[in-house]
Amino acid sequence: GRAAAAAEGLRAEQLAERLRAQKSEEEKRNREIPKDPAQRRVRELAMLSKQLQQIHPNVLAKVLKQATVYQNEEIVVINKPYGLPVHGGPGIKNCISDVLPILAKMLENMKAKPLHLCHRLDKETTGVMVLARNKEVADRIRLLFKTRQVEKIYWAISLGDPDPAEGIVEIPIVEKEVRSHQSHYKMTLAPNYYLSPEDGKAVKIRKNRNAESAVTRYRLLASSSACSLLELQPITGVKHQIRVHLAYGLGCPILGDHKYSHWSKLAPQKLPAVTLKRLKLEQSKARHLPLHLHAHRLSLPLGQQIDLVCKPPLFFQKTLKKLDLDVPNE
C-alpha cells in the first residue's frame, strides 16, 4: 500500500512538472514575436486595445488631439482610433467621454469648457466622430442625427459579395437572448414577412413590439479574394445595424466581426481559404482579426454643409492591399 502511494505521489509530481514546463513554454511562445507580419499586426492590435485601457488619461487625450481632422468655433472632429470605447462601463478604465475636459484644454486653453459627445461609435469602429464645443451646439447636432439630417457613409470589408451588388436592406432589428451553453444577447433581424414554403408567397408576420425599424443602403465598390469593399449608408441608427444587416440580411458578415458571424455561438469567424492565404493568416489566429468597419464620411448641415472625411486606419488600408481590393478615387 505504501509503495502504491509513493508511486502515485511520484506520478502526480511528474504531471505537475510537465504542466509547469508546458506553461513556461506557452508563456515563452506568447513573448515571442511572430515572424509573419500579418500575425504580428493582428497581435499588435489586440495589444493596442489593452494598452488603451492602461495609459494615463492625459496620454489618451493627446492621442485624440493628434487624431483631430477638423475644428471650428462650434465643433471638433476626430478620427476615432480602433478599440477605444466612447462611454465607460464595467472593466473600462479609459473612454473618450472621460477625457473630453482634458482634450478641450489641450485644443484651446486652460479655461476651456469640456467638449460634448454628439453621437456614438462602437468600440471597434473607427472614423469620423463629431464633438461639440458647448451644450447648445451638441443639442443641435443630436437633433440633426435624430431627425436623420446627417448623411453617414461607412466603409466595410465583408466576406462574400452581396447579391444584388447595390440595394437597400429594410428589415427591423430586435435584441434577443441566444440560449446556448454560453447564453448571451445579440441584435438580430425581426422581419415583417416570410416566404411560405408551400407556394413561395410572402406572408406578413405580426410585428414584434420591441423591434426598431432599420434601413441601410449598400453598394459594392470592389471585390476580390472572397471579400468585398462595401459603401454603406445607414438611414436609421439602430445599435449594431450595419453589422446585423450585412451578416444576417445579406449573408456577408464584416471581416473580423466574430459576434455576428454565427448566431448560436460565440466563436471566431471562419474565413475562406483564399482570404486566409492572402492575409497570410492561420484560421487558429483569426480570432484576433479586428473589425473592418470605418465611418468614412459625414455630412453635417450646420449653417452651411460641412463635409467631413476620415482615412481608414492603417490596418484597414493594409488589408485592402493584401486582398487586392481597389479603393475608389473620391
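1. In this predicted model, the side chain of Thr-236 makes a polar contact with the side chain of Gln-241, at 2.7 Å. A polar atom of the Thr-236 side chain also lies 2.9 Å from the backbone nitrogen of Val-215.

2. Thr-236 sits in the loop that runs between β12 (227-234) and α6 (241-249). Its relative accessibility is 4%, so Thr-236 counts as buried, the cut-off being under 20%. With neighbours within four places in sequence left aside, its contacts are Arg-148, Lys-152, Ser-213, Ala-214, Val-215 and Gln-241.

3. Arg-148, one of those contacts, comes just after α5 and takes a positive phi of about 60°. Helix α5 itself comprises residues 135-146 and reaches 16 Å from its first C-alpha to its last, close to the 16 Å expected.

4. Which residues of α5 are buried? They are Val-137, Ala-138, Ile-141, Leu-144 and Phe-145. Viewed down the helix axis, these buried residues fall within an arc of 120° and therefore line one face of α5. Their cover includes β2 (75-80), β3 (116-117), β4 (126-132), β5 (151-159) and β13. The face turned away from the buried side carries the exposed residues Glu-136, Leu-143 and Lys-146.

5. Ala-286 lies in the loop between α7 (273-279) and β13 (293-302). Ala-286 is buried, because its relative accessible area is 0%. Not counting residues up to four places away in sequence, Ala-286 touches His-258, Gln-269, Leu-271 and Leu-281. Ala-286 and Leu-131 are 155 residues apart in sequence, and their C-alpha atoms are 34 Å apart in space.

How values were computed: Residues numbered from 1 in each chain as written. Predicted model: local features only at pLDDT ≥ 70, side-chain atom pairs only at ≥ 80, totals over all residues. Heavy atoms only, no water. Helix = DSSP H or I, 4+ residues; strand = E, 2+ residues; numbered from the N terminus. Buried < 20%, exposed > 50% of the residue type's maximum accessible area, 1.4 Å probe, protein only. Polar contact = N/O pair within 3.5 Å; in protein donor to acceptor, adjacent residues only side chain to side chain. Contact = heavy atoms within 4.5 Å. Expected span 1.5 Å × (residues − 1). Arc of directions from axis to C-beta.
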